[in-house]
Structure formats: structure tokens, C-alpha cells
Amino acid sequence: MAALGPDTGPAQATAATAGGESLPQSVAVSGTEPPAMATGPVTGSVWRRFSLRRPLAALILQRLGLSVGLLFAVSLMIFGGVEALPGDFATTYLGQSATPQAVENIRKDLGLDRPMTERYVSWLGGAVQGDFGTSWASRNSVSEQIGKRLGNSLFLAFFAAIISVPLAVALGMLAVQYRNRLPDKIINVVSLAAISLPEFFVGYLLILFFAVQLGVATFPSTVYDSMGFGERLSAIALPVATLVLVVLAHMMRMTRAAILNVMASAYVETAELKGLSAFRIIARHAAPNAVAPVINVIALNLAYLVVGVVVVEVVFVYPGMGQYMVDAVTVRDMPVVQACGLIFAAFYIFLNMAADLLAIIANPRLRHPR
Amino acid sequence: MPEPESTTLLSVRNLKIEATSYPPGEPPKTVTLVENVSFDLEKGKVLGLIGESGAGKSTIGLSALAYGRGGASITGGQVLLDGVDILTLGRNGIRTIRGCKVCYVAQSAAAAFNPAHRLGEQVIEASLRHGIMTREEATKRALYLFTVLGLPSPETFGERYPHQVSGGQLQRAMTAMALCPNPELIVFDEPTTALDVTTQIDVLAAIKHAIEETNTAALYITHDLAVVAQISDDIMVLRHGKTVEYGTTQQIIEAPNEDYTRALVNVRQTKRQEAVDQSDTLLKVDNVSAGYGNGFKVLDNVSLHLPKGQTLAIVGESGSGKSTLARVITGLLPPSEGTIRFEGKELPKALKARTKDELRRVQMIYQMADTAMNPRQTVRDIIGRPLSFYFGLRGAQKTERIKELLDQIEMGAPFLDRYPAELSGGQKQRVAIARALAAKPELILCDEPTSALDPLVAEGILNLLLKLQEETAVSYVFITHDIAIVRAIADSVAVMHRGRLVRFGPKSNVLSPPFDDYTDLLLKSVPEMKIGWLESVLTTRRMASAGN
């Protein structure tokens, strides 16, 4: 069989670390990353032997190492980027009364007179231990404030996710089963409409119908510490619905496309010629082979649910991370901006890594080497 | 052929199959794939359907499952299975036939097995879903079938995933999958075409043994008359969707009535005497080793040479390193050791280090002409490119030369502005040959240029290559797995096995005894157009192993 190795382009016999990179569908985010990053002190030949013997473990280790490295690079960029922002907390804070002396005093207070590298190292050291310093604006601990906000954001994202992901996959499979017939067309049109409308518009529409005219939903969706679980749920009903409508179409269409792609393969024909039912063909024979692309889209949408929901939070007056960060940017409250940025980046990287790992694990060639 | 009604299992009457095609820029039109085909198949018998690609043989085979592939639909006639017309059963009714009474074995088992599930699960799936047997019964039957089909360690074979077993084993597993629900009829769609000859004979023997053992009837579809002669009771020859000839295997092989059948039986009769003088060396490969970076040597210390104006055939199975050798000669894959000399002068190892003239002198023709051409370029662009690249030709001069080349490949000026999609498989390969010739090379590397073509078309290409060799004194390195082609065109032969050169020399030496074990196996595995050939080979083998 054709298991002799890659036959595209002249292979380089030099790279000692390029051992286990012979999978077709594992990576969607970063094509040709240097795998050496993951291994650190491990020497080439040892790593290569390991990756030949345990390709799955080697790939997972590689991804983990890569994520850590990526997070480190992001922290550098966030810190540097925020430093390079025009404007200055002291001038904004003091407004009209910003005499050079007063500005200088505040800068000294906040430790801005220290060199940048020193500040970066102490910030990163704190961040690793979960301490993001104190907010310049409110003088409170950033970690404490973020903790609460992050909890709220995750609460919202969690419910949006557990509704939208199964719904999207199920609708996608349904659309495949009835492809080019009426149910498929209805699903397509409705989901396309939902994705085409801006999220604030969908939000206001939902408020108009369910809160104002029918009066069945609560608005605004602000949650307090004193609220019970049930109250919280009813408060977030509308923002969750908005988010579901926004992310559903993307995942649904990707599921449909990925499964349709697989449906054209010979093994689906085999399944059909075995006289299996349409549903079993889709669920058992097509879906497992469509996992990798679908997982990647799901991960991107989950990341969006955590990171990109600021508009929905503003519309529904929901106290989440996004709103917190935007507020901090307007007053140039750097520790808060940096902390939010880093946490968002961490979520993004973590979710994409999880998607990569799941896609790798879903590949039987890597799970069961020859 | 009148038979008593009771033993007839499958009866196809006046079958008509059509498909809708969508030519770009034109209204959709209906194409007739199969017309007025009728045959009967008795219980436990095998009918061979034979013809070139496009003859409609797969389409007819799938009609026994009332299945139309890729938009084909059965528009007329009857398919009677046990007296019931399965075309009238409807969506749910047909599901009780498929995978239950009639099963299908696809050409490429590697593609037809689901990569996400274990083989055993897939083999017993149909039996379970149709409620034919319980899980234990099905597992037991699968084990029995794995044993009958000669699969290694049948007890644990079902636990493996498709990528963990070889192509020949997968093809046998596919046969087991088809046999598992105890069907009355199996449709074999070119089950051995994708395999090496040495593997093909094993799979063929296993299939024959298994269908005899279980007394299952079969439709056996192939383009290779020699293969079908070994396994079927009756043969139907098809061409362009119509029946050419239908009779017993003996009659078709030994006394064909139609010219087309005769041509099929007599194909590969081209023979060429080898050149006597093999001294004027053009290409010399010395102690070449090469691999793909993971330490595994795909080529191990290979040395051979080729005289001017002659043909060296390199034979071997897939994975023997024959295509890698071609890549090394072209410079696409620099060898790790050894040298390549052209007219006594050493060629730089890597492609990039070679001069334009060195590149010009070695050209290549690929197995799949389809993928070796840019589908958005016309024949004029494809052939014209080397002309402007190597010789700087342009304008009328270039067109003149392209026309000359088109005449040489027996196609002519009307093809100038056609796109590859508008050419047949054989015509595409001819254009690829013209593109190679355009550079006026001294050596053309032909990497299985005929193995994707139908026998008669392939023969045309071989004759063209021989004619061009006489006209231009070009040398060929001809890579193939087909011994008949070697006999037809080669002057010298190199037999490769697992990256090593097993045997090398003038054709008459290499192809005559005494043989080494591998060459012997290779030569004896090539199907012959003779009834009973398979049995005689198997008997010889058994006697040989009993004698040891």
C-alpha cells in the first residue's frame, strides 16, 4: 500500500524533529509550526523515536507546548500593545487639572517610572499566580473584580453553548438527510437570516417581542449576587437566545457541508448498499469522519461566546467581561485591560487547542498506529 | 439459454439506464448508459461482465441492487430477483434486499471501508441491522469467513482498523463483509484491479473458494478477460452500454463470434525482439540509495544502465521503489548515495543544480495524464510550454511545431484548442507524450503510462511509443507492474522488490529460467487467457509446498 511516506516535494533529510507530521487533517490553525517549541531540552533522535512509537502522545505534547508558547507570546504583545497606546491614564484621570507635576506624581504612584522590562516581568510573575494587580481607576484588586465578571460571562456562554452546539449539529444532520428538499431549505433560509442580522438588532427584536409586547421575559438582564439560580436563568433567557441565533448558523452550515463532503465517499455508498437507514448512514458512517472540521468551527464559536459578546452584553445590560474591558479601555485602566486581554487570549488558545486535540484523537490512524 | 424457471436467481430484462449530464454552457441532456441488456443468472453460478471503461458494466452490476451511482437512474426494463422486480420495491422495500439478499464488493476496499470503525463491526453490521443473526452468530460467521478467505490471525482480525491491514487483506475483508449475511447474490466490481499481480492471485483464489463453499451466485465485473476466465461460468461482453456477445466462458475464450471479443482475447500480442547490441550506454545508475527522510531506505544500492535508443523496463509491485527510482533519475529526489551518469557525464543530484539542457534531455510521462496536465490550458498551451521554455519558439513557428507533434502522436491539428476535459483517456496520454517529445529528449521516463487505460487503448499507446522510438531514437525507462508489457516492448529488464534490484539484464535472460524465487512468483502470477489457469497454478503451488 501507499505507506511509504510523503510523496510531495523533495523531502528534506535534515529536520530531525519533523517525525510525526504525516496526518492529513489535524491542524487547521497553524500549518507549519516549528514542533521544536514543545520539546525543550529533548534531543532530536529521542523525540523522534518517541513520536514514531507513540504518535498520539507526541502530538498532544506538541500541542500543549505550543499553546504555552503561544500564550507567552500573546502576553508580550498585550503588554507591549497597551504600552504603545496613545494617551495616558494620568492625563485622562486628572482632566483639566493635569499639571505636569500632578501627572508626574500619579505616574510615580502607579510605578510607571520603572523600566518597561521590569514592569513586564513583575506583571507576568503576578499573572501566573492569578494576581493581576490593582485597578488604577477603582483601586480594587483586578483579580477579584474579574473573577465575578468572568463567572457571569461563562454562565451566559455556557447556556448559549449547551443549547446551540447540539442544536446546530442536529439541524446540520437533518439538513443533510433532507438535502435540497423543503426542510433543508427552511433550515438554510432561517439560519442565514439569523446570521445576516447584526446581533444588536436581533437582541432588540427579541426585547420588543418577548419583553415589551408579550411580557414573558425579563429585561434588563442584569444579574446580582443576591439572585437565585432560577432568577438568573430567567434573566439571561433573552441574551442566550440572541447568542444562539447568532452562532447557530455558522456551526450548522459547517456541519452540513462537512457531512455532505463525507457523504460523497465510497464508504457511505457501501453503507447505502448494505441497506442501512438514512439516519444510521449519517450518524454512524458520515458524522465520525466529519468531526475534525466541525469541531474547529464549534471551538471558534465557543471562543466567540466568551470573548466576543460585548455588544450583546451592552444591549442587555449584562455585567460580563466584555463590558468591563470596554469600560476599562475608555478610562485607560491598563491593569484591567491587560488582564482581560490575557484571559481572553487564554480562552481562545485553550479552546482551539482543545479542538485540535479532539480532532487528533478522532483520527483512528493516530489513535491506533499500525 | 433456456433454464428451468426454478433455478434462475437473477433475471435482467431489457435494462435501460440513463443519466443526466450537465455540459457547461448547454442545456442538460440525457445520456443513455445502458440499453437493452438482458441476462439470466442461476443460483450458485458466476456471470462475468467484461468491457472497457464506459461500457456500463458497473452500472449494470449496481442495478442488481437497484442503485444508480452519481445521478444514473434505471429508466426501463426489469430486474427480477427470485421472480420479484426489485425496481418496483420503493425506498424502504429495496433496503430489505440490499445487504441482505444482494451484497456488493467495491473496486477499492481501501476507500469502501469506513476509516472510523473496526473491520469486524463493519463486516457484521448488515447481518445485525437486517436482523438476520444475533451478534454472536454474526461474529462466529465472520470468524469462519476470515478463515476461509485466508486472513492472518482470523480471531483478532476484526479488531483492527482499515488502515492497519494491507490492500489485499482489505479486499478479502470486503468479500467477507459481502458474504456475512448469507446473500444469494454478490456483485464483485473489479475486486482485484487495484492489487498487485502476486496479491491478485491470492484474492482471486480466496474469492473463488469462498463463493464455491457458500454456494453464492455472483456477478463478476472486470476489464481483464484473463481474470474473468478463471472464475465465471458465463461471460457477457459489453461495449458502449450494449451487449456485444453473451455465452459460456469456454465459447467466449476459445471461439469468440464478434471482432471486438476477438480483439480483447488477442490483446497484448505485440512482441518485440530485443536489440542485440546493448553497449552504447546512455544512462548509468551506480549504487544508488534513497529514502524519504525517516531513515527508511526506499531504494537500496541499485545499479543499472540503459543503451541509447532502447527500452529498459522496470517491473515490481507497489512499494518496490520503481517510481522512486524514476524520481531519483529526474532529480526530484536527490539520492543519499550513488551517482547517475548521462552519456558518461555525472548529473548533479538535485533538480535545482541541473542546467536547462540537462533538464531537457530527460522527460517524464505519468500514470495519470489527468492530473499531470493543467485542466485550464488547451492542448496548444500544454505542448507549447516546453517549446518556448527550451527552444524559445513563438508565434507561427511554435504553432507549426505543435502541429507536427500532434501529427506524430496521430491526433492532428483539430485538437489544438481542446481542453484536457474534452479528450479521452488515451488522447490525454498521447498529449502527455507529445509534451515530453517537444523537448527533444534523449530519455523519457514512463511511469506506468498505460495502467489506467483500457487494454485496447493501452496497446495503441504502446505501439505509438515504439513507433516514436524508431523515428527519434529516444530511449525509454518504462516502469510497469505488467509482465505482458515488458515482453512487448523491452530490450532489457530490471526486476525490483522492496527497494532492491532482484534481477537485471537483457530481456531474454531475465524472462527465462533459471529464475530466482521472486521473479518466478511474479511471472507465475500473471493471469493467462486460459480456462483452468488459476487451478493449475494453485495445484503447482500446493505440490511445491508439499514437496518442501
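In chain B, I17(B) stands opposite I74(B) of strand β4(B). The model is a predicted one, in which local features require pLDDT of at least 70 and side-chain atom pairs count only at pLDDT 80 or more, while totals for chains, interfaces and linings use all residues. Residues are numbered from 1 along each chain as its sequence is written, chains are lettered from A and ligands numbered from 1 in the order in which they are written, and side-chain values use heavy atoms, with hydrogens and water left out.

Strand β1 (residues 8-21) of chain B and strand β4 (residues 72-81) of chain B are joined by eight bridges in the antiparallel sense. Here helices (H or I, at least four residues) and strands (E, at least two) are DSSP runs numbered from the N terminus, and two strands pair if DSSP finds at least two bridges between them. Both strands belong to an open, antiparallel sheet of four strands in chain B, ordered β2-β1-β4-β5. At its edges lie β2 (29-42) and β5 (84-85) of chain B, each pairing on one side only. Strands of a sheet pair through backbone hydrogen bonds, either parallel or antiparallel.

Another open sheet of four strands in chain B has the order β12-β11-β14-β15, again with antiparallel pairing. Because β12 (297-307) and β15 (345-346) of chain B stand at the edges with a single partner strand each, one side of each has no neighbour in the sheet. Helix α12 (residues 322-330) of chain B packs on this sheet and touches β11, β12 and β14 (337-342) of chain B, its direction making about 65° with that of β12(B). Contact means heavy atoms within 4.5 Å; the axes are lines fitted to C-alpha atoms, for helices over the stretch in contact, and angles run from 0 to 180 degrees between N-to-C directions. Strand β11 (residues 281-291) of chain B is linked to β12(B) by seven bridges in an antiparallel arrangement, and A290(B) has L299(B) as its bridge partner in β12(B).

Chain A contains helix α7 (residues 142-177), whose 36 residues reach 50 Å from first C-alpha to last, close to the expected 52 Å; that expectation is 1.5 Å times one less than the number of residues. A kink of about 25° is centred on A161(A) in α7(A), the bend being the angle between axes fitted to the seven residues ending at a residue and the seven starting there.

Two backbone features lie in loops. Most residues other than glycine have a negative phi, and most peptide bonds are trans. R332(A) has a positive phi, near 55°, in the loop between α15 (321-330) and α16 (334-361) of chain A. P513(B) and P514(B) are joined by a cis peptide bond with omega of about 5°; P514(B) is in the loop between α19 (507-510) and α20 (517-524) of chain B.

Confidence is expressed per residue as pLDDT, from 0 to 100. Chain A averages 80, with 88% of the residues scoring at least 70, and its residues 1-42 stay under 50. Chain B has a mean pLDDT of 87, and 96% of its residues reach 70 or more. For the complex, the predictor gives an ipTM of 0.77 and a pTM of 0.76.

Definitions and conventions. pLDDT = per-residue confidence, 0-100.
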